[in-house]
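Me: I would like to learn how to read the contact between two protein chains. Could you take me through it step by step?

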Amino acid sequence: MATGADIRAALGSDFATNALPSLPRTASTQVSQAATKNSSQPRRHKRSLLRRGGKAVHWSRDSTGVSSRRDQLRLIRWRRARDDEEPFARFAKYDVHAELPQYDAEIYEAHLTHPEWTKDETDGLMEAYGDNYGKWPVITDRYDTGRPRSMEDLKARFYGVSATVLSLNTPISSMTGPQYTLYDTLRNFDPAKEASRKKLAEGHLQRRQTEVDEETVLLGELQRIMLNQANLDSEREDLRRRLDHPLANTNGYQYNTSQALTQLWQQLLQTDRMKKNQRLRATGNQTFDGLPGTTPTSARPRDSIAGISDSGAASGRRPTRDSLPSATTPGSTLPVDMSKADLARFGVVVAQDKISSGITFASDRLSKPRIAKSTLQTDKIAAILTHAGVPDLIALPTPAVIEQFDAIMSKVHALLDMRKLAEKEEQELRVRSAEAA
Amino acid sequence: MAPTTSKRVRNTTIRRHFIIGNESHLLPYAGYANPAPDNHTKGWKVYVRPLPNGPDLTTWLKKVQFKLHHTYTDASRTIEAPGPYEVSETGYGEFGVEIRLYFASESGEKAVYREHYLVLAPYGSEEQKAKMERENLVVAERMETVEFNEPTMEFFKTLTSEDQYNWLKVKKGRGKGKKPDFVFEGEVEPTAQLPDKADAGQGGMGAGGAWSQVYERQVLAQLGQSAASLDQALDEEKRGMESRRKKMEELGVAVSAK
């Protein structure tokens with residue numbers, strides 16, 4: 001909106017002299033104006049912003065031509081009398097013309113020929129450009145030859161021509177920076193790309209809300225992926241490194257010969273035997289169970305303890321599995337060779353399966369199974385046991401008794417499970433009979 | 001310096017049976033404080049003993065600590081080898097005695113706790129109760145079996161040496177011999193296993209019989225009976241399941257017919 005100051009400025013500075021001196025004229029509030037003008041008197045009516053105290057000036061009205069226009073347009077307008085300067089001189093600066101590449105027929109013949117454009121068409125395009133001040137939509141609208149040309153095509157031709165003319169006028173090597181960038185841009189104008197770009201932009205404009213939402217979600221996903229890309233890559237690298245890393249530090253080719261293979265096999269057998277839990281099971285076949293490298297120890301008289309301790313230590317490392325054909329006598333692992341009767345006398349038991357190390361108490365095996373995870377379960381077990389007649393404290397925890405007790409406990413557990421199942425089935429039955437009724 | 005872990009004998013376990021129990025008498029009784037302190041009606045003795053014919057306990061059991069009820073002065077009573085591992089006291093109430101067993105150093109094992117409930121009053125069937133009252137002797141014992149799994153070499157040797165039975169044997173000197181002959185005089189052959197038949201006079205008679213294989217057979221027989229009754233219960237349950245299944249089928253038919 002044009003304020004009073006703008007209009008005053010446009011109309012000339014001579015108004016300013018008639019203004020009230022030394023009073024800053026702001027177009028702000030009338031209050032301030034009123035205050036500055038007549039502070040003593042109260043305001044009765046609005047004063048016009050444009051009201052000025054000054055002499056009247058004569059205005060005349062006639063038609064004149066516009067100097068900056070090429071045609072013969074005559075405009076009727078009011079003008080102040082003393083103005084003798086060219087009307088609209090101040091607006092002349094707004095009369096901007098488009099810049100046109102200049103060429104003549106020779107240059108055209110030399111550089112500017114185009115398979116699809118005749119000279120006339122090109123010239124026409126230049127003129128249209130100039131006439132329409134370089135506004136391409138307007139040019140496209142008004143410039144029309146026989147051939148259907150899109151705006152992009154027109155632009156392409158124009159830019160091509162401009163670029164060539166530019167390069168002719170100033171050789172490329174001596175172009176300044178901005179000049180060169182301009183030249184480059186002009187040269188690299190691709191009509192197809194531009195068309196597609198504009199279509200895309202228009203498509204964007206016409207999107208529906210759902211599409212917009214979908215796109216935002218997808219973009220968010222993409223962003224997340226991109227952010228974690230670095231992480232994922234490093235993890236993949238890590239994995240790959242791990243897979244590749246264990247390089248065989250032994251050359252597998254050293255086990256080519258059969259001798260080396262048997263050697264390897266012996267080695268593996270030995271190491272397995274050393275272990276506490278042997279993974280290799282003995283088969284009945286002698287050839288598979290390792291070459292007999294052990295000699296069975298014979299029972300020696302127990303007086304020569306000194307001699308025994310050496311061989312005992314050695315024989316203690318021999319395999320103890322009885323199924324091996326090189327099985328040694330039962331006392332081979334023991335430092336003192338004893339007969340079976342002696343074993344019984346001293347309570348030595350050679351166990352076949354794995355035993356836990358440390359001290360265990362046999363009576364525990366009679367009391368621990370009675371205790372279940374919850375007190376309710378424990379009570380149930382106790383009830384069943386008393387009903388069956390098993391005393392709370394079994395005083396004699398011999399192996400046979402323990403075995404019996406284990407059997408009883410398994411029966412107790414089975415009974416408990418069956419009872420639980422029975423409860424569930426009863427419930428189901430009740431439901432069904434209610435349904436059937 | 002000896003190595004911290006010595007070689008262990010693999011795949012072997014050494015079992016030792018021993019008895020944990022207590023006796024109790026109504027005061028006054030020989031061997032207990034007289035006059036008894038106020039309110040103390042019973043005199044009792046809690047002990048850890050070997051089997052009457054078994055190898056010596058002290059071979060592997062070096063120290064026993066009995067933790068009595070805190071109301072007793074010096075509630076923690078320690079008895080060291082040789083023996084006998086027992087604590088006599090007077091009192092009136094029953095409580096659980098925590099018994100800590102310390103093993104021989106060759107074994108390299110930590111001490112373990114066992115608990116024993118001190119029984120003072122007569123218990124069991126009428127006949128047993130009557131007998132206990134008559135004799136003024138209440139015995140509550142149970143047999144414990146300690147299993148040494150994979151013992152160390154040294155421990156194994158001590159546990160399999162004949163010296164363990166020396167306590168049962170009678171020394172019989174040889175004329176000029178360096179080592180006296182140990183000859184066993186008695187009826188029951190010493191062994192770590194349960195004897196076939198207990199020597200009637202030895203050991204206290206607890207709620208069970210004396211410690212023997214006879215007793216074992218009795219226990220086994222009893223357990224066998226229990227197992228049989230459990231089997232019966234299981235059969236009952238199975239029958240119940242069958243009948244329920246039939247009912248379910250009938251009901252299923254009835255529901256689908258509706």
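This is a predicted model: local features need pLDDT of at least 70, side-chain atom pairs count only at pLDDT 80 or more; totals for chains, interfaces and linings use all residues.

Me: How is the size of an interface given, and how much do chain A and chain B bury between them?

Reply: The size of an interface is often given as the accessible area lost when the parts come together. Here chain A and chain B bury about 5800 Å² between them. Of that area, 64% is on carbon and sulfur atoms.

Me: How many residues of each chain are in contact?

Reply: On one side there are 63 residues of chain A, and these touch 67 residues of chain B.

Me: How many salt bridges and polar contacts does the rule find across this interface?

Reply: Five salt bridges cross between chain A and chain B. There are also 12 residue pairs in polar contact, both residues being at pLDDT 80 or more.

Me: Which elements of chain A give two or more residues to the side that touches chain B?

Reply: They are α11 (258–274), α13 (340–346), β3 (348–350), β4 (358–361), α15 (375–388) and α16 (399–436) of chain A. With 22 residues, α16(A) gives the most. By residue class, the side of chain A that touches chain B divides into 38 nonpolar, 12 polar and 13 charged.

Me: Which strand of chain B is joined to β3(A), and how do the two run?

Reply: β3(A) is joined by three bridges to strand β1 (residues 12–26) of chain B, and the two run antiparallel. As one pair to look up, A:Val348 has B:Ile14 in β1(B) as its bridge partner.

Me: Is B:Glu237, the partner of A:Arg419, buried or exposed?

Reply: B:Glu237 is buried, with a relative accessible area of 16%, while A:Arg419 is partly exposed at 36%. Their side chains meet in a salt bridge at 3.3 Å, N to O. A:Arg419 is in helix α16 of chain A and B:Glu237 in helix α3 (residues 213–257) of chain B, so this pair too joins two chains.

Me: What separates A:Glu221 and A:Arg224 along helix α10 of chain A?

Reply: The two are three residues apart in α10 (residues 209–244), which means a separation of about one helical turn. Over all chains, the count comes to 28 salt bridges.

Me: What pattern does chain B follow along the sequence?

Reply: Chain B has three helices and 10 strands, in the order β-β-β-β-β-β-β-α-β-α-β-β-α. Of its 258 residues, 42% count as buried. Among contacts in chain B with a separation of 6 or more, 62% are between residues 24 or more positions apart.

Conventions:
Residues are numbered from 1 along each chain as its sequence is written. Chains are lettered from A and ligands numbered from 1 in the order in which they are written. Side-chain values use heavy atoms; hydrogens and water are left out. Contact means heavy atoms within 4.5 Å. Buried area is the accessible area (1.4 Å probe) that two parts lose on being put together, summed over both. A salt bridge is a side-chain nitrogen of Lys or Arg within 4 Å of a carboxyl oxygen of Asp or Glu. A polar contact is a pair of N or O atoms within 3.5 Å; within protein, one must be able to donate a hydrogen and the other to accept it, and residues adjacent in sequence count only if both atoms are side-chain atoms. Helices (H or I, at least four residues) and strands (E, at least two) are DSSP runs, numbered from the N terminus. Ala, Val, Leu, Ile, Met, Phe, Trp, Tyr, Cys and Pro count as nonpolar, Asp, Glu, Lys and Arg as charged, and the others, Gly among them, as polar. Two strands pair if DSSP finds at least two bridges between them. Buried means under 20% relative accessible area, exposed over 50%, partly exposed in between (1.4 Å probe, protein chains only).
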